[in-house]
Amino acid sequence: MSLSLRDRILVWSLRGAALVAGAIVALIVVFLFIGSFPVMRDAGLGSFFLDEAWRPTEQLYNLTPMLWGSILVTIGAVSLATPLAVLSALFCHFYAPAALARIYRRLIELLAGIPSVVYGLWGLMVLAPMIGLISAPGTSLLAGILILSIMILPTIAMLADAAISNVPRSFMYGCAALGFSRWTTIRRIVLPTARSGLLTGVIMGTGRAIGETMAVLMVCGNAVRTPGSIFDSVRTLTANIALEMAYATDNHRASLFVSGLILTAIIFGLVMLAEVLSRGRIYG
Amino acid sequence: MAKGRWNRWRDAIVAVTTWTAAILVAVVFVWLLADIVIGGIAKLSWTFLTEAPRDAGRAGGIAPILVSTALILAVCMVASVPLSLATAILLAEFTPADGIFGRVVRRSLDVLAGVPSIVFGLFGYAFFCNTLGLGFSILSGGLTLACMVLPLLIRTTEEGMRSLSDDYRRAAAALGMTRTTTIFKVLLPAALPSLIVGLILSIGRASAETAALIFTSGYVDRMPSSLWDSGRAITVHILDLAINVPGGTENAYATALVLVMALLIINSVASWLGQRWLRRSIVR
Amino acid sequence: MSALHEPVMTPITSVNGDDLPTPLRRRLLIEANCVTLCYGQHTAFRDITLPIEENSITALVGPSGCGKSSFLSCLNRLTDLYKQCKVTGSILFDGDDILRPNVDVLNLRRRVGLIFQKPNPLPLSIRENLTLPLREHGHGNTAELNRKVESVLVDVGLWDEVRDRLDSPALALSGGQQQRLCIARAIALEPDVLLLDEPCSALDPISSGVVEDRIASLRDRYTIVIVTHNLAQARRIADTTALLWVRDGAGHLVEYAPTREFFESPQQEITAAYIQGARG
């Protein structure tokens with residue numbers, strides 16, 4: 001393909017722009033490394049996991065309670081949201097009348113657009129006091145799990161919905177012609193065929209849950225300790241950054257950049273996982 | 001036949017479970033929305049929108065916050081639209097010839113889409129505020145958000161251009177038009193609907209953002225006099241009133257109501273236009 | 001022309017103009033009475049009255065869009081899956097009206113198998129394609145299932161081709177093999193009726209011939225209703241042939257007769273013209 005001079009100028013300028021867009025991730029990683037360099041040099045990587053506690057002003061940088069907080073909140077939210085989201089998608093495809101399915105899809109879309117700070121506000125004012133009735137004060141791991149599962153549900157539900165839409169109609173007709181019950185059709189044909197799409201949805205949901213800041217900050221209580229029960233207060237890595245960045249200096253600030261680096265590494269791993277899964281599909 | 005009866009029972013159980021899940025999701029959504037409306041409607045008035053906040057936001061309105069938010073969004077769009085347009089054109093029109101470069105750009109955008117907003121905040125703080133010397137300013141906040149919405153904008157634009165029929169390209173090539181002319185005179189106008197939908201969705205995403213803004217555009221709730229001033233975004237205002245200002249709950253609710261209404265309108269318009277203009281909804 | 005599969009039926013003597021002849025040689029298994037099917041505002045076919053005899057092959061022929069396939073879908077209520085689809089009239093199957101709302105649809109579909117135009121094996125292994133439907137309808141014994149798998153695959157002439165790879169994906173088979181697997185899958189459920197919706201039209205000529213032979217070989221054990229565009233095929237295998245035609249935007253039944261009579265002395269001008277046209 002030979003291009004005219006104008007075309008070649010265009011392509012090179014487009015490449016320039018794409019390079020900038022593509023380089024942002026690299027730039028983010030570079031700045032996270034630069035930001036975390038001082039504390040890496042002074043304290044070393046091990047101190048983030050082995051120090052006695054998180055007292056950054058006293059050069060103690062143990063991030064594990066926050067890491068546990070992030071992990072527990074995420075696992076809880078994903079395991080609660082996934083079944084609900086998949087059922088929502090099945091509801092739209094197999095159970096709801098067409099008009100209701102359309103309304104329900106719009107509702108899920110709107111749910112996806114509500115800002116996290118509003119979820120947080122609702123969680124703080126409504127959900128946490130209700131949990132507080134069982135075990136005071138209410139701002140807890142449980143509140144975080146519940147709020148996050150509502151927040152990531154639309155992400156998983158929309159991707160599950162899309163994955164189920166991609167199951168060929170001929171499979172459905174085949175199942176119907178053989179007199180399969182609806183559940184057999186769903187469990188043996190629809191869900192296995194849509195599997196890679198469903199998994200991608202769960203991974204995206206996990207990514208959102210682990211990266212979410214504001215809502216968990218508002219409802220989790222933010223005590224720096226590894227929680228012993230779901231009614232205990234927790235602090236996630238993200239909330240830790242948001243809470244302490246405003247006054248952190250020197251190595252304290254650098255250790256917050258380390259948390260950012262950990263978060264980015266987790267997200268990177270999840271994106272790669274999604275990539276591998278979507279390539280490994282067998283049918284359809 | 002016993003098996004047939006069991007199948008019917010199982011189908012009924014699954015149907016009840018599915019309906020229950022769907023109703024549960026809908027109830028939570030209505031509950032959340034109702035709570036925001038009931039909590040915020042009393043304070044909401046024209047003066048609330050046009051007055052400056054007083055007494056740390058407990059009294060008065062949110063006029064400067066609205067202005068700051070609008071300015072942040074404007075900066076975000078001015079920076080992100082040209083960049084994402086160029087990248088999308090490259091990916092949609094020139095990548096097959098481009099091989100590895102396109103793949104790398106796309107992959108890095110996938111990762112960028114997953115990066116937690118608080119990490120964007122850290123990056124924006126380190127890069128725009130410190131390295132580029134923009135300080136806590138509307139400019140820093142807008143540019144940080146621009147990095148954040150880039151993947152969404154690029155994907156919607158690219159999909160819009162890819163969905164155009166190849167007949168356009170062939171017809172233009174048969175007329176001896178250069179690729180440049182084809183893109184700017186034929187393809188972009190034809191893809192305009194999806195560009196607009198992508199733009200509206202990005203505005204929605206950006207205005208829902210909090211964590212990326214707290215250390216980039218800052219907390220100052222005065223009316224900004226230039227882009228180099230610090231300005232408090234509407235989400236940051238809600239956060240601040242909810243967790244830092246005792247007695248700020250009512251105004252937090254009223255502000256949240258303003259934001260939720262704006263977002264519902266923005267997302268509904270995008271989805272309505274999307275369904276009208278595009279066969280396949282790209283709302284995700 | 002081969003006389004191999006000529007229908008063994010005495011032609012019914014002349015009928016005057018509008019009456020449809022009813023060749024009552026065997027028991028009637030299905031009786032469709034004034035069946036009308038609408039998709040929303042559009043009527044696919046109107047007032048079709050068609051008796052179908054037990055253990056015979058009935059061919060439905062006619063131009064595209066005359067409602068042949070839609071009619072088949074009524075016979076096992078697959079129409080329930082189509083949006084805005086409404087069927088009126090009555091269809092007696094073994095004396096029961098299957099259009100009633102409280103019919104056990106799953107059991108009906110077991111008894112009335114449907115083979116689609118495009119082969120549609122499920123995304124499972126060859127074996128599971130056969131065993132899953134059986135398990136679904138209450139056959140649990142593995143040894144029995146394995147015997148069944150072999151016997152139906154022998155019936156459709158697929159056993160020798162796939163015996164060594166029963167656990168490989170069914171979607172890896174060729175088109176003709178897939179279609180025979182679909183027939184095997186349907187007959188494994190021991191249905192009374194097999195509905196075939198242009199089962200050969202998506203296949204190459206050789207596979208098509210193999211599938212057609214298999215269908216002909218099943219004639220004594222099942223009541224078969226086949227939709228086909230191929231008049232020669234109808235003539236070769238069908239005992240009775242019915243012509244549907246579009247009139248006023250909806251399908252109607254034009255003529256229904258034993259196959260030989262249908263082709264040799266059609267009563268309706270449309271039939272004569274259609275046979276002529278398709279021949280020429």
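Buried area is the accessible area, taken with a 1.4 Å probe, that two parts lose on being put together, summed over both. The size of an interface is often given in this way.

The model is predicted: local features need pLDDT of at least 70, side-chain atom pairs count only at pLDDT 80 or more, and totals for chains, interfaces and linings use all residues. Residues are numbered from 1 along each chain as its sequence is written, chains are lettered from A and ligands numbered from 1 in the order in which they are written, and side-chain values use heavy atoms, with hydrogens and water left out.

**Exercise 1. Describe the interface of chain A and chain B.**

Solution. 

Step 1. Begin with the area: chain A and chain B bury about 7,000 Å² between them. Carbon and sulfur atoms carry 80% of this area.

Step 2. Chain A gives 80 residues to the contact and chain B gives 82 residues, where contact means heavy atoms within 4.5 Å.

Step 3. Look for charge pairs. One salt bridge is found across this interface, a salt bridge being a side-chain nitrogen of Lys or Arg within 4 Å of a carboxyl oxygen of Asp or Glu. Glu275(A) and Arg107(B) form a salt bridge, with their closest N and O atoms 3.0 Å apart.

Step 4. Assign the chain A side to its elements. Helix α1 (residues 5-43) of chain A supplies the largest share of the side that touches chain B, namely 18 residues. Helices (H or I, at least four residues) and strands (E, at least two) are DSSP runs, numbered from the N terminus.

Step 5. Classify the residues on that side of chain A: 59 are nonpolar, twelve polar and nine charged. Here Ala, Val, Leu, Ile, Met, Phe, Trp, Tyr, Cys and Pro count as nonpolar, Asp, Glu, Lys and Arg as charged, and the others, Gly among them, as polar.

**Exercise 2. Describe the interface of chain A and chain C.**

Solution. 

Step 1. The buried area between chain A and chain C is about 1,900 Å², 71% of it on carbon and sulfur atoms.

Step 2. In this interface, 18 residues of chain A are in contact with 23 residues of chain C.

Step 3. One salt bridge is found here. Arg188(A) forms a salt bridge with Glu128(C), and their closest N and O atoms lie 3.0 Å apart.

Step 4. On the chain A side, α7 (169-177) and α8 (182-193) each supply at least two residues. The largest share, nine residues, comes from α7(A).

Step 5. The chain A side divides into ten nonpolar, six polar and two charged residues.
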